[in-house]
Amino acid sequence: MAPTTYLQAIGAGLREEMRRDERVFVMGEDVGAFGGAFKVTDGLVDEFGPARVRDTPIAEAAIVGTAVGAAIAGLRPVCEMQFADFVACGFDQLVNVAGKMHYRLGLAVPLVVRLPVGGGFSGGPFHSQNPEAWFMHAPGLKVVAPSTPADARGLLLSAIRDPNPVVFLEHKHLYRRVKEELPEVASPTPMTARIARAGDDLTIVAYGAMVHAALEAAEALGADGDGASVEVLDLRSLVPLDEEAILASVRKTSKVLVVDEANATCAAGAQVAALVADRAFEDLDGPVRRIATPDIPIPFSPPLEQAALPSASTIAEAARELLDY
Amino acid sequence: MDASAAALLAVPDAREVLLTSEDRRRLWEHLLLMRTVEDEGIKLYKKGKIPGSFYDGRGQEAISVGAAFALSAQDPICSPLIRDLGAHLVRGTDLTELFRHYMGRENALSRGREGNVHFGDRHLGVVGMVSMLPDMVVVAVGLAMAFAMRGEARCALTFFGDGATSRGDWHEALNWAAIDRLPVVFVLEDNHLAYSTPQSRQFATHPADRAEAYGIAVERVDGNDVEAVHAAVAGARERCLAGEGPVLVCATTMRMHGHGAHDDARYVDPELLDAWRARDPLERYRVVAAEHGVDVEAVERDVRAAVDAAVAEALTTPMADAATLMDGVFCEGEAEPLGVGGAAPWSAYDEGAR
């Protein structure tokens, strides 16, 4: 069988869940006949019809808000934001309505909002953001961020089957870039971290597209004269955050570099750094280091964007400094 | 369509006379219950027994009572707002639990996580409101979308004030419902004020006119006449179930108290309040109910006793337990959908009465 891309894996996950559970449906802007801006939902309308593959008006608040209603009525909506950036228009429905419903009223809201995130291809300030920290800060929402096709499919299954609202971050730069052979039968991926590459000298904590940059950096460091052994921990889930996996890795390597593609302030990586400082201080042989995008809107022009986003080389450089500490 | 759906559709034309004297007794009971509970709530707030503030719907009781009375138990209310306690009461919300909730004591409605009219008994098909208006209007459209997808003969009802129609979510909700002709009854409580802001500073085009422009049928009704509200909502519901699309019921009324107990509403023209005081929905309906043979005084005694008993019991209940603080942020088990166990006291839904 041909390898499956990250994008195809998400589409396959949707198709499998829609076949398995008639309560599951998708909706979003241009997701029907057009198949979505990135073609994630390509062909779904042919199999499931327009009632379960719903083209919506350009109305992100209503996409999320009607999904809340459908979810509490017993369905399992999966909403697509055309770009993650646009979820700002539906923020209130997600944060104030969906996220607080169970705590306030005991009413579960099983929905998924898919967010195509990330930069790297001149999307500019409105098509490149990584807004996960907005939702990590909002109680009641789960936030997952797969880095591989297998986890994209598996975490989507977990998200759809979860009784809570789940924000599903799918990185646009991985859509067609990463591919792998997938098992014929999908199984849910747990919302826990995974060791993407084992090592002993340094831990790089990352998620989403930055896992691949971190792996590239780790390979480069291993091939260096000193042959450093670098571990890469792929968080996969940001809420819940697999704190024990982070602490276990840091305790083993004693050095940690946390990488975010998101803007630095209050990012997921800041939470990881705070966790390590709080609970693994005695195990550290160096400062907790972070790499993230500076606090700027993501610029359009390639030299500017490349200077803003973390890369394998900036990660390797920071890791090298930390290894020498 | 299955037999139960056909039975629901068989409700007669609401514009014909269809209230029994027992229906009128129940309408009077719920109007009075809402006012009595809220008057008691104001007292408890002033005594320091209710934290935060207290919000009531004096003058608007006929809208939530009349609208909820027109619904079957299958039709969710999403959501009663701070002027709409009557909808909760019609559905059968437990009075003792309600006062426990108001006072931040241990209770099954909100476990102390919420206050004032921010609750909804999910077992009764009532979704609790949020403070951002009109967020729940959008959610109601989503409920109706689910009913349409499953081919169920149900409608969703949502309340909002004129002030809530200025936000974009309102446009998104009405537009969305109109596109798919979804079974939603939009109940606009046109009460003249958005907190302190008059309509001259809210909009240039009245929300009912905007609704018509979206392709939504509009029914205008005296919001201080409980039977008129009931008939309008019953008719709207029928249209929804017949697949004729959403309806907006514009109920004109007046908010007779401040926004909350902390607000003396000095910004409202006293003559306007005087004019509306003469149209008080309870005083008006007391006469109507008595004319139809309702023993209004007996109802008054029963309501007083029930409210007094609920307050007394609630006052003996412990405050919410801080040990539960972290519980329930996430659902840990199966997601249980909104229930349909609420009361539908209108005799049209009671097979034995018809």
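Predicted model: local features only at pLDDT ≥ 70, side-chain atom pairs only at ≥ 80, totals over all residues.
Figure 1. In chain B, 78% of the contacts with a separation of 6 or more join residues 24 or more positions apart. The chain contains twelve helices and six strands. Its radius of gyration is 19 Å, close to the 20 Å given by the globule rule for 354 residues, so chain B is as compact as a globular protein of that length. The C-alpha trace spans about 55 × 50 × 45 Å along its principal axes. Of the 354 residues, 51% count as buried.

**Figure 2. Helix H5 of chain B against helix H12 of chain B.** H5(B) covers residues 95–102, and H12(B) covers residues 296–315. Their axes come within 8 Å and cross at roughly 50 degrees. That angle makes H5(B) oblique to H12(B). The crossing is right-handed. H5(B) contributes Leu95(B), Thr96(B), Phe99(B) and Arg100(B) to the contact. From H12(B) come Ala306(B), Val307(B), Ala310(B), Val311(B), Glu313(B) and Ala314(B). By class, seven of the contact residues are nonpolar, one is polar and two are charged.

**Figure 3. The side of chain A that touches chain B.** Here 31 residues of chain A are in contact with 39 residues of chain B. Two helices of chain A, H3 (60–72) and H4 (91–105), each supply at least two residues of this side. H3(A) gives the most, with nine residues. The chain A side divides into 19 nonpolar, ten polar and two charged residues.

**Figure 4. Helix H3 of chain A packed on helix H6 of chain B.** Two packed helices are described by the angle between their axes and the distance between the axes. For H3(A) and H6(B), the angle is about 60 degrees and the axes are 6 Å apart. The two helices are therefore oblique to each other. H3(A) passes H6(B) in a right-handed crossing. On H3(A), the contact residues are Ala61(A), Ala62(A), Gly65(A), Thr66(A), Ala67(A), Val68(A), Gly69(A) and Ala70(A). On H6(B), the contact residues include Asp135(B), Val138(B), Val139(B), Gly142(B), Met145(B) and Ala146(B). The classes in this contact are twelve nonpolar, four polar and one charged.

**Figure 5. Gly106(A) and its contacts in chain B.** Gly106(A) sits in the loop between H4 and strand E5 (112–117) of chain A. It has 20 C-beta neighbours inside 10 Å, so Gly106(A) counts as buried. Leaving out residues up to four places away in sequence, Gly106(A) touches Arg122(B) and Gly328(B). Ala262(A) is 156 residues from Gly106(A) along the chain, and their C-alpha atoms are separated by 33 Å.

**Figure 6. His123(B) in its loop.** The loop holding His123(B) runs between H5 and helix H6 (135–150) of chain B. His123(B) counts as partly exposed because it has 17 C-beta neighbours inside 10 Å, and a buried residue needs 20 or more. Neighbours within four places in sequence aside, His123(B) is in contact with Gly339(B) and Gly341(B). Thr93(B) is 30 residues away along the chain, with 9.7 Å between its C-alpha atom and that of His123(B).

Notes
Residues numbered from 1 in each chain as written. Chains lettered and ligands numbered in written order. Axes fitted to C-alpha atoms, helices over the stretch in contact; angles between N-to-C directions. Helix = DSSP H or I, 4+ residues; strand = E, 2+ residues; numbered from the N terminus. Parallel < 35°, antiparallel > 145°, perpendicular 65-115°, else oblique. Left-handed = near helix turned anticlockwise from the far one by under 90°. Contact = placed C-beta atoms within 7 Å. Nonpolar A, V, L, I, M, F, W, Y, C, P; charged D, E, K, R; others polar. Rg over C-alpha atoms; globule rule 2.2 N^0.38 Å. Buried ≥ 20, exposed ≤ 12 C-beta atoms within 10 Å, placed from the backbone.
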